[in-house]
Amino acid sequence: MADRRYVRRFGRSERLQHLVLLVTFLGLAATGLPLLFSDAAWARPMAQLLGGFGVTGTLHRIFAASLIAVSLVHVSWIALRVLRGERGVLWGPTSLVPQPRDLVELYRHVRWFLWRGPKPAFDRYTYWEKFDYLAVFWGMVIIGGSGLMLWFPEFFARFLPGWAFNVALLVHGEEALLAVGFIVTIHFFNSHMRPRKFPMDMVMFTGVVPEEEYARERPLEYARLKSKAALEALLAPPPDPRFERRARLGGGVAIAVGLMLFVLIVVASLTR
Ligand code: HEM
């Protein structure tokens, strides 16, 4: 539809950060799982496909260093925006920080699920999108912290007792399973599998959303942009069809890899 108007939701930097997060997370999961389930029937062929267990461990560390780097870039990017006076990053309707009205929206959403009230009107970010975002932070602290302990044991042994490394190994593996399970079920479902989005929501790749979809899904933000006459500045051309096709292919591969890893976890857990 050539006359369709599009609204810019995410800029280049946000989309690039998300892409690196997506690739490194799936890479970490794909290289970590054969180590965790090394006795499962699929682990050896999978590790051999990657170059053997030694190479798998090295690849895991390369993905880990890249994920830590993009996390640091993200935190610096946020800090820079706050220092430049963008107070809305930390609080208010355009912030990803959970606020009291998220609890109200959650309550109203549950009522709507139960046919007991109207659908709540959402702002720039919904309560579940904020949860997904914050989960990366505590995931990085728990998985990243325990991963660094496994990577540099001599350094951490200077001030930590021996048993802490057993705990780190356990926590790293279990939290990784939780993270993969959450992303592949809840995040994939909320973002791509729900009605109107299936098979894929392209906004994190293209950065733009059709105007009528934006007005329907984020009515509060849409109304605010309109009342401040700020919408015109966010109107964008439709995504380039060639880019969209490539993004669809890449996103499809990522979803397929995530689902495959999830199936491997289920198979390994049931046959242990
Ligand atoms: C972000 C920073 C991370 C660091 C620094 C890190 C580091 C490590 C290291 C050094 C190991 C031991 C590898 C070996 O034995 O050769 C390991 C194992 C593992 N990692 Fe990570 N990792 C990180 C993130 C992740 C993530 C995001 C996942 C999954 C989503 C993950 C899943 C695993 C699993 C399942 C194991 C095997 C644990 C076991 O053998 O019990 N890691 N990691």
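Pro-199 sits in the loop between α7 and α8 (203-206), where helices (H or I, at least four residues) and strands (E, at least two) are DSSP runs numbered from the N terminus. A cis peptide bond links Phe-198 to Pro-199, with omega at about 5 degrees. The model here is a predicted one, so local features need pLDDT of at least 70 and side-chain atom pairs count only at pLDDT 80 or more, while totals for chains, interfaces and linings use all residues. Residues are numbered from 1 along each chain as its sequence is written.

The loop between α7 and α8 also holds Arg-196. Arg-196 is not a glycine, yet its phi is positive, at about 80 degrees. It counts as exposed because 8 C-beta neighbours lie inside 10 Å; by the cut-offs used, a residue is buried if 20 or more other C-beta atoms lie within 10 Å of its own, exposed if 12 or fewer, and partly exposed in between, with C-beta atoms placed from the backbone. Ala-229, another non-glycine, has a positive phi of about 55 degrees. Ala-229 is placed in the loop between α10 (219-227) and α11 (231-234), and it counts as exposed, with 8 C-beta neighbours inside 10 Å.

As for the chain as a whole, it has twelve helices and three strands. Its C-alpha atoms fill a box of roughly 60 × 40 × 40 Å along the principal axes. Of the 272 residues, 17% count as buried. Contacts (C-beta atoms, placed from the backbone, within 7 Å) between residues at least 6 apart in sequence join residues at least 24 apart in 73% of cases.

The strands form an open sheet in the order β2-β1-β3, with antiparallel pairing; two strands pair if DSSP finds at least two bridges between them. The edges are β2 (208-210) and β3 (235-236), each pairing on one side only. Strand β1 (residues 6-8) runs antiparallel to β2 and is joined to it by three bridges, and Tyr-6 stands opposite Pro-210 in β2.

Now for helix packing. Helix α5 (residues 127-151) packs against helix α7 (residues 163-193) at about 155 degrees, with the axes 9 Å apart. Axes are lines fitted to C-alpha atoms, for helices over the stretch in contact, and angles run from 0 to 180 degrees between N-to-C directions. The pair is therefore roughly antiparallel, given that angles under 35 degrees count as roughly parallel, over 145 as roughly antiparallel, 65 to 115 as roughly perpendicular and the rest as oblique. Residues in the contact include Trp-128, Gly-139 and Ile-143 of α5 and Phe-165, His-172 and Phe-182 of α7.

Helices α1 (residues 12-36) and α3 (residues 53-83) cross at roughly 150 degrees, their axes coming within 8 Å. That makes α1 roughly antiparallel to α3. Among the residues that meet are Val-20, Phe-25 and Leu-28 in α1 and Phe-63, Val-70 and Trp-77 in α3.

Finally, Phe-262 lies in helix α12 (residues 241-270). With 19 other C-beta atoms within 10 Å, Phe-262 is partly exposed. Leaving aside residues up to four places away in sequence, Phe-262 touches Val-180, Gly-181 and Val-184.

Key. Two residues are in contact if their C-beta atoms, placed from the backbone, lie within 7 Å.
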